[in-house]
Amino acid sequence: MEVKDSNGNILQDGDAVTVIKDLKVRGSSEVIKRGTLIKSIRLTNDPAEIDCRVNKTAMVLRTEFVKKA
């Protein structure tokens, strides 16, 4: 299974990605700002989602909103 970022680059476990758009976090008033660097991503069973930690909070992000750093 190939997991690709918004630019079509292939992502792997442990890669670092950058958020390309301000994202509102569901269930809270937090916002992940554009340009936020996220290190050590983990791939999931869904090729459109990645598992990561942002500000010590575990969450799942859509690959269409990130690019490989």
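1. Start with N7. It is found in the loop between β1 (3-4) and β2 (10-11). Bear in mind that this is a predicted model. N7 has a relative accessible area of 54%, so N7 counts as exposed; the cut-off for that label is over 50%.

2. Now compare sequence with space. N7 and K67 lie 60 residues apart in sequence. Yet their C-alpha atoms are 6.5 Å apart in space.

3. Next, T63. This residue sits in the loop between β9 and β10 (66-68). Is T63 buried or exposed? T63 is buried, because its relative accessibility is 7% and buried means under 20%.

4. Which residues does T63 touch, leaving out those up to four places away in sequence? The contacts include V3, K4, D5, S6 and L11. Also among them are P47, A48, E49 and I50.

5. Then the sheet. Three strands form an open sheet in the order β7-β8-β9. Their pairing is antiparallel. The edge strands are β7 (42-43) and β9 (57-62), and each of these pairs on one side only. As background, strands of a sheet pair through backbone hydrogen bonds, either parallel or antiparallel.

6. Look at one pairing in detail. β7 pairs with β8 (residues 49-54) in the antiparallel sense, over two bridges. Which residue in β8 is the bridge partner of L43? The partner is I50.

7. Last, I50 links two of these points. I50 is the bridge partner of L43, and I50 is also one of the residues that T63 touches. Find I50 in the model and trace both.

Note on methods. Residues are numbered from 1 along each chain as its sequence is written. This is a predicted model: local features need pLDDT of at least 70, side-chain atom pairs count only at pLDDT 80 or more; totals for chains, interfaces and linings use all residues. Side-chain values use heavy atoms; hydrogens and water are left out. Two strands pair if DSSP finds at least two bridges between them. Helices (H or I, at least four residues) and strands (E, at least two) are DSSP runs, numbered from the N terminus. Buried means under 20% relative accessible area, exposed over 50%, partly exposed in between (1.4 Å probe, protein chains only). Contact means heavy atoms within 4.5 Å.
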